[in-house]
Amino acid sequence: MEIAMVCTRVNLLILILSLCSPYKFIQSPMDFGPLNLLPTTTAASSDFGRIIFHSPSAVLKPQSPRDISLLLSFLSASSLSKVTVAARGAGHSIHGQAQALDGIVVDMCSLPSEIALYRGGGGGGGGGDISYADVSGGAMWIELLEQSLKLGLAPRSWTDYLYITIGGTLSNAGISGQTFKHGPQISNVLQLEVVTARGETVTCSPTKDAELFNAVLGGLGQFGIITRARILLQEAPQKVKWVRAFYDDFGTFTKDQELLISMPDSVDYVEGFIVLNEQSLHGSSIAFPANMAFNPDFGSKSSPKIYYCIEFAVHDYQYKNTNVDQVVEAISKQMSHIASHLYSVEVSYFDFLNRVRMEEMSLRSSGLWEVHHPWLNMFVPKAGISDLRDLLMDNISPDNFEGLILIYPLLRDKWGTNTSAVLPDSGSMDQVMYVVGILRSANPDEGCSHDCLQELLHRHRHIADTAGALLGAKQYLAHHPSPAGWHQHFGPRWERFADRKVRFDPLSILGPGQGIFPKGN
Ligand code: FAD
């Protein structure tokens, strides 16, 4: 064991000298003793966005959290080193957030996926005896869903897509249609195991090393690497009633969304999207197995007409003595959608949560998954949502838009105030804010290569800047081209974020791909 440790340290020293040397000599696959350090891979230099391609000098494929701890303790001890380290989950970032130019990428997916489940006596419904899962940081949410359903349990808060990692979403927030009810994923974590930039392994929670716990949640990979998380579970429903209703008026659409989130005892999920064109209607309906007879007139190029769709869902288990259809009927009677354009289906809970996988498979089969994704996500105060819609329509042409524009409301009080996540400043006392996601594809094979992509990125930056300046919006999964942009992004929270960096990663080793704390600054 000791020999192995010495070997590892010698190899790390060679690695660091190599990384700092003008003559990089990691050219071919090599085994760094017990630490599985490899030269760069294509995956480590890329991500879902396909916009930034920064090659690291090496990729660590950890076999246990101890490998990560060894690497970071060695790097932080050699303070002359300029080496940076990025944890990479499933690499579903848009702007190179999990990349490390000339540094080391830690491939979290190579950690063995360990999932231990605990069923509390209270059935996960609160009280002292709660249900939870201990999951490794590189495990994907789909794995946790599959395992927990075997015990009839499931996490409460989700993302729309499940082939992303626990550590990756907890470093942002993790939001979906359940967020209005249960808060983001970062509000549903009981404990974390984190390897800090100094290589210490710390188990933290709201009551133990709380500052690290809160820093890491929504912390954009800046303060430590999440190697394990304890996620709150609840009883899983067998089935879900999944409903869609269509609108031709934005004000009525948002009013009904806000009505739905005011009924958390009946409604379990609320989202919505803009129906810009045929593609946004059909592309988003692949997993929705109802025959929809909604064939609207989208107008002409010079005078387009757009529509809106609310999605909501009700879990069946709450209504053991009531028919779930009656519950949906009672809810929908209070809504003001276009008459007769409400559709519902009953699907298994698994299929409901895993719905985006069907879209992925469809896009993959037509070669449309691995294209550029210039996505922009924002949190927008309720007071500005109507202006935001106008801003979008001034900058997006429905006739050539490929993808989806999500809009749905969240409630501010479901978010803790101590995590690193950034929300719009609470200027008004309004609890409601909206998430707006421009989830756009740009296919080089259909003519959208370099210049077209740059034009889309430019437009999105204009939308983000204008929405920030005029409406108080904040980017989610943010990208800012300069540290000054980040400073502005955090606003009054900047000082706390920067203090946390000094405390937990004073050498700015971690998370270089975010561009918040350039090495040497
Ligand atoms: P990566 O892209 O690999 O990493 C993201 C950031 O987290 C990087 O800064 C990285 O360094 C850091 N990081 C990764 N792992 C760790 C770790 N273990 N410890 C510390 N830092 C770490 N998000 C939502 O909230 N809701 C959605 O509904 C949603 N839907 C999506 C659908 C699709 C198709 C895609 C592509 C993305 C979606 N996202 C959604 C965004 C997604 O949550 C983020 O991109 C998330 O970061 C992806 O996780 P990942 O494992 O791919 O992380």
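So, the open sheet: eight strands make it up, in the order β14-β11-β13-β12-β16-β17-β15-β18, with antiparallel pairing. Strands here are DSSP runs of E, at least two residues, helices are runs of H or I, at least four residues, and both are numbered from the N terminus. Two strands pair if DSSP finds at least two bridges between them. Now the edges: β14 (342-348) and β18 (474-476) each have a single partner strand, so one side of each has no neighbour in the sheet. From one strand to the next, the twist averages 25 degrees.

Keep in mind that this is a predicted model: local features need pLDDT of at least 70 and side-chain atom pairs count only at pLDDT 80 or more, while totals for chains, interfaces and linings use all residues. Residues are numbered from 1 along each chain as its sequence is written.

Let's zoom in on one pair. Strands β15 (residues 376-381) and β17 (residues 432-440) run antiparallel and are joined by six bridges. Pro-381 stands opposite Met-433 in β17. Across β15, β17 and β18 lies helix α13 (residues 450-471), at about 15 degrees to β15. For angles, axes are lines fitted to C-alpha atoms, for helices over the stretch in contact, and the angle runs from 0 to 180 degrees between N-to-C directions. Contact means C-beta atoms, placed from the backbone, within 7 Å.

Okay, domains. The assignment, automatic or from a database, gives domain 1 (2-111), domain 2 (115-235) and domain 3 (239-476). The centres of domain 2 and domain 3, over C-alpha atoms, are 25 Å apart.

Key
Two residues are in contact if their C-beta atoms, placed from the backbone, lie within 7 Å.
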